[in-house]
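Visitor: Could you walk me through a few features here, and tell me how to read each one?
Guide: Gladly; let's look together.

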Amino acid sequence: MYFPLSGNRIISLAKSLEESEEMIGRVNRFLVIAIIICVPLTILISWLISGKAVSPIIALANFGGQLREGKLNKDIEIRTEGKEIETMVDTFNKVLENIRNLSETQKRFTQDISHEIRSPLTSLRGNIEVTLRKKRTSEEYEDVLRRNLYDVIRLIRIADDLLFLAKADNNVIDIRKNWFDVNHLLSATIERLDHNSIRFSEDYKEGIEYYGDINLLEQALSNIIQNSIKYTPEGGIITVVTEEDENSVYIKISDTGLGIPDKDLPHIFDRFYRGERSGRSSGTGLGLSIAKWIIESHGGTISVESSLNSGTTFTISLPKTE
Ligand code: ADP
């Protein structure tokens with residue numbers, strides 16, 4: 001700073017800038033160091049944070065790869081604090097469980113079908129091969145044909161039952177409902193079945209009308225009654241009772257037959273399940289699963305009680321709907 005004075009004199013004041021320049025230099029150096037440290041640090045921290053957030057999604061994507069290769073046996077295990085990811089993993093695991101169950105059922109079903117079809121086919125082949133070994137009389141040929149017819153009928157029944165269940169699984173069974181008389185249906189079904197020395201006792205509440213698919217329900221009742229006939233020794237009695245209240249129609253079918261062991265009871269409605277006491281009797285193990293499907297497709301239920309060597313009771317309840 002300059003201050004002019006009289007007589008060409010000037011006062012000049014000055015302060016050294018060295019200190020300030022040093023300070024600016026220090027600030028500049030600090031800023032450079034801060035930038036050098038902070039930029040990579042920020043990148044590192046963002047990378048770590050985003051990595052943590054994205055890692056469950058990457059794990060899910062890897063898991064998808066595993067599924068594509070058909071490895072269904074392991075659940076997804078991802079530890080995360082995110083609620084949304086946790087819900088997604090749970091849902092994934094539930095879907096996976098369903099796929100595993102379906103694939104297991106399909107595998108068992110295919111094995112069962114092969115087994116069921118193989119035995120009549122093996123028997124047919126055996127009969128034909130033995131018969132063809134030498135010339136036979138016409139009576140012998142007739143006898144073989146009769147035996148073969150039994151196996152062919154069995155194969156046709158298996159095919160029909162399987163076709164029904166396949167249609168049921170694909171929801172392509174037409175349920176055509178009409179009003180019909182339940183007692184008439186039961187009497188007609190019993191009359192149609194062969195029951196030799198087994199007696200039927202029919203105890204019906206008068207005038208029970210039901211709105212349902214008469215053909216399907218006839219098939220269900222016929223499967224259940226046929227079992228009662230099949231598993232009841234000669235001289236036994238099968239009692240059929242009908243009841244109704246304002247909500248439902250009830251049908252009870254009781255026999256004085258072999259009964260069902262406790263260990264079989266939870267499985268008798270499963271496909272292809274044949275109880276240990278069914279022995280060599282004819283059957284595919286599909287009759288009760290078809291009956292159950294038909295009753296449930298009407299919104300109804302079927303239950304069973306049994307006591308060994310004294311008999312079995314099936315109770316069907318069908319809700320009244322229109
Ligand atoms: P199946 O063709 O073997 O009769 P079902 O599905 O109709 O097949 O029945 C399954 C199994 O339930 C039978 O193999 C049999 O062991 C048992 N079962 C069904 N009904 C009766 C019954 N009334 N008395 C004794 N056992 C029965």
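Guide: Start with helix 4, where the exposed residues H184, E191 and R192 sit on the face turned away from the buried side. Exposed means over 50% relative accessible area, buried under 20%, and partly exposed in between (1.4 Å probe, protein chains only). Helices (H or I, at least four residues) and strands (E, at least two) are DSSP runs, numbered from the N terminus. This is a predicted model, in which local features need pLDDT of at least 70 and side-chain atom pairs count only at pLDDT 80 or more, while totals for chains, interfaces and linings use all residues. Residues are numbered from 1 along each chain as its sequence is written, and side-chain values use heavy atoms, leaving out hydrogens and water.

Visitor: Which residues of helix 4 are buried?
Guide: In helix 4 (residues 182-192), they are V182, N183, L185, L186, T189 and I190. They lie on the same side of helix 4 because they cover an arc of only 160° around the axis, taken from the directions from the axis to the C-beta atoms. Their packing partners include helix 5 (214-230) and strand 6 (237-244), where contact means heavy atoms within 4.5 Å.

Visitor: What caps the N-terminal end of helix 4?
Guide: D181 does, with a side-chain oxygen 2.9 Å from the backbone nitrogen of N183.

Visitor: How do I read a pair of packed helices?
Guide: Two packed helices are described by the angle between their axes and the distance between the axes. Helix 3 (residues 138-169) and helix 6 (residues 287-297) pack at about 35°, with axes 10 Å apart. The axes are lines fitted to C-alpha atoms over the stretch in contact, and angles run from 0 to 180 degrees between N-to-C directions. Helix 3 contributes D161, F164, L165 and A168 to the contact, and helix 6 contributes S289, I290, W293 and I294.

Visitor: Is E116 buried or exposed?
Guide: E116, in helix 2 (residues 83-132), is buried at a relative accessible area of 9%. Its side chain makes a polar contact with the side chain of R154 (3.3 Å). Such a contact is a pair of N or O atoms within 3.5 Å; within protein, one must be able to donate a hydrogen and the other to accept it, and residues adjacent in sequence count only if both atoms are side-chain atoms. Among the residues E116 touches is F272.

Visitor: What is the phi of F272?
Guide: It is near 70°, a positive value in a residue other than glycine. F272 is buried, at 8% relative accessibility.

How values were computed: Lists of a residue's contacts leave out its neighbours within four places in sequence.
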